[in-house]
Amino acid sequence: MTFLPSNYLDGNAAAGELSKIFTLDLTAAEGQCVHCGARNRFADAHVYMQSPGVVARCPACQHVLLRLVSVRQRVFLDLRGMTYLSLDADQVQSLESARSAS
Amino acid sequence: MWRVATVIALRDETPTARTLTLDVPDWPGHIAGQHVDVRVTAPDGYSAVRSYSIASAPDSHAQIELTIERLPNGEVSPYLTQVVAPGDRLEVRGPIGGWFVWRTEQYEPVQLIAGGSGIVPLMAMIRSHVSTKNTSQFRLLYSVREPEAIFYRDELGALSKDKYSVGLTYAYTRKTPKDWQQPPGRIAAALIANATWPSVLAPTCYVCGPTSFVENVTALLAASGNERDKIKTERFGSTGERK
């Protein structure tokens, strides 16, 4: 039997914490799960915020996609659950434009 | 980046929900559907962060409105809905999110489905749609516990009289108004068929509410032929607070 808790949120809830590290919004990014190969928007990941950090799981197979944990003076980011993250090229472009303008 | 916002107005929406208008210096503007993180810090240094959706449409002012539901055992929401007064300051991070958003350049039909306080980001979309005179067709299916729990009732009522603003259907899970045709209950396939855009119109669907609500509605929308990538979702915690 698969353990399927229902106290998860989704990738939207983790976006503020992730903005400490990532300049671009990750909710619209598409990631592929290492475990099952499912491709989903990060917004659709099942996210657990009750833990000491943030844990995002694949909505298809529940495999861990991402962990972000702050311990004393270090912030740990574990991304090994994703084969890749793909981001919108327009979003990357507008960020480059904003940087060169400032 | 945290900004220090000042509370400039309060408005009660229901006996348990209050709208806070915040003045946020250097606010970069937002898109309907986005949220902010709010950080409150106690005198002893303990701090807590919660996410709250922006209820107001984007405008040219450095002001945003948040509507916050008070949770009986909440750590932050009782403070924000009962203690905070005009002039008080709160730390705000955002705007956050680029997926659960409705942009004024969108012209396809839009289906909004809210469970409880999940109405808040969808209201920002309705207000943005109306204020920009965008011509896309909006429908809202709004599930609430009881009639007294409806947020923005008068505003929604006025907007729904104009068919170009938003088509409005209420659903009740515990108690209905008098003479209501349907018994109370959670949203089921028949209601999705009757009160939402047919999937052949390829609407973009926005579903916001508690996790169990979002899972139920998403499955019903998919079963009625909507493509998964056209169903955008945002989930609240089982405690109702966003984290």
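Predicted model: local features only at pLDDT ≥ 70, side-chain atom pairs only at ≥ 80, totals over all residues.

Guide: The strands β1(B) and β6 of chain B, the latter covering residues 89-96, run antiparallel and are joined by five bridges.

Both strands belong to an open sheet of six strands in chain B, whose order is β4-β3-β6-β1-β2-β5. The pairing in this sheet is antiparallel. At the edges lie β4 (47-53) and β5 of chain B, each of which pairs on one side only. Direction ignored, neighbouring strands of the sheet are turned by 40° against each other on average.

A helix from the other chain also meets this sheet. Helix α1 of chain A, residues 11-18, packs on the sheet and touches β3 (35-41), β4 and β6 of chain B. The direction of this helix makes about 115° with that of β6(B).

Next comes the setting within chain B. The chain is divided into domain 1 (2-96) and domain 2 (110-236). Their C-alpha centres lie 24 Å apart. Between them, 15 residues of domain 1 of chain B are in contact with 13 residues of domain 2 of chain B. On the side of domain 1 that touches domain 2, β1 (2-14) and β5 (63-69) of chain B each supply at least two residues. By class, that side of domain 1 of chain B has seven nonpolar, six polar and two charged residues.

Notes
Residues numbered from 1 in each chain as written. Chains lettered and ligands numbered in written order. Domains from an automatic or database assignment. Contact = placed C-beta atoms within 7 Å. Helix = DSSP H or I, 4+ residues; strand = E, 2+ residues; numbered from the N terminus. Nonpolar A, V, L, I, M, F, W, Y, C, P; charged D, E, K, R; others polar. Pairing = 2+ DSSP bridges. Axes fitted to C-alpha atoms, helices over the stretch in contact; angles between N-to-C directions.
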